Amino acid sequence: MRESDLQEEQEPLKAEYETNPEAAQITLSATGETEGDARSCSVDIGRAIYEAELHEGAGGPGGGACSGDLLLGALAACAQLTAQAVADSFGSDADISVEASGDLDLRGTMGVDDDVPVGFQDIRLDVAVDGDLDEGTRDALRKYTEKYCVVYQTLASPPSVETEWNFE
């Protein structure tokens, strides 16, 4: 599919979602399962399986992606795809690359210091756009990418998280 076909592909979907909002409701899931030992797991998203490890700073082997890497990867992928789709909707063929990075203090996740939060304290998203865009298009690209990027919005306004434990 050519990039310019994106709007054409989305039009019938948008029309369906307008007349049938239930059709727009989806549930995504991922399953993590033991892989070898306590330092690694496989993550099955239904269409692909990813390997994950504890970060070497938490006792992991250090050769694979840790869950923080996967979170930042999801943010980078979502922001890049959203920005590319937005640029395409404005008729731009700009090349867009995204880097997501974050800072965390492993003392929190390792239980070394209860005053240190577990997880990322700061996340940065650096978007590089290579293309001839006027100021209005640049502003719209920024605005609509941040507005419609699912992972960005989820991190910026987190939903409640429900946990259920089943012991067998």
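The legends below describe close-up views of a predicted model.

**Figure 1. Packing of helix 2 against helix 4.** Helix 2 spans residues 67-89 and helix 4 spans residues 135-148. The two helices pack at an angle of about 130°, and their axes lie 9 Å apart. Angles over 145 degrees count as roughly antiparallel and those of 65 to 115 as roughly perpendicular; helix 2 and helix 4 are therefore oblique to each other. Their crossing is right-handed.

**Figure 2. Residues in the contact of helix 2 with helix 4.** Helix 2 contributes Ala79, Thr82, Ala83, Val86 and Ala87 to the contact. From helix 4 come Ala140, Leu141, Tyr144, Thr145 and Tyr148. Sorted by class, the residues of this contact comprise eight nonpolar and two polar ones, with no charged residues.

**Figure 3. The largest pocket and the residues nearest its centre.** This pocket has a volume of about 1900 Å³. Its lining consists of 38 residues, and Ile26, Leu28, Cys78, Val150 and Val151 are the ones nearest the centre. By class, the lining of the largest pocket divides into 25 nonpolar, ten polar and three charged residues.

**Figure 4. Helices and strands that line the largest pocket.** At least two lining residues are supplied by each of helix 1 (6-19), strand 1 (31-35), strand 2 (37-44), helix 2, helix 4 and helix 5 (150-156). Helix 2 gives the most to this lining, with twelve residues.

Figure 5. The volume of the second largest pocket is about 450 Å³. Strand 3 (49-53), helix 2, strand 4 (95-104) and helix 3 (106-109) each provide at least two residues of the lining. Helix 2 accounts for the largest share, four residues. Ten residues of the lining of the second largest pocket are nonpolar, six are polar and two are charged.

Notes: Residues are numbered from 1 along each chain as its sequence is written. This is a predicted model: local features need pLDDT of at least 70, side-chain atom pairs count only at pLDDT 80 or more; totals for chains, interfaces and linings use all residues. Side-chain values use heavy atoms; hydrogens and water are left out. Axes are lines fitted to C-alpha atoms, for helices over the stretch in contact, and angles run from 0 to 180 degrees between N-to-C directions. Angles under 35 degrees count as roughly parallel, over 145 as roughly antiparallel, 65 to 115 as roughly perpendicular and the rest as oblique. A crossing is left-handed if the near helix is turned anticlockwise from the far one by less than a right angle, and right-handed if clockwise. Contact means heavy atoms within 4.5 Å. Ala, Val, Leu, Ile, Met, Phe, Trp, Tyr, Cys and Pro count as nonpolar, Asp, Glu, Lys and Arg as charged, and the others, Gly among them, as polar. On a 1 Å grid over the protein atoms alone, a cavity is a set of points where a 1.4 Å probe fits but cannot get out, and a pocket is an open set with protein on both sides within 12 Å along at least five of seven lines; lining residues have an atom within 4 Å of a point. Grid points are joined across faces, edges and corners, and a volume is the space filled by probe spheres set on the points.
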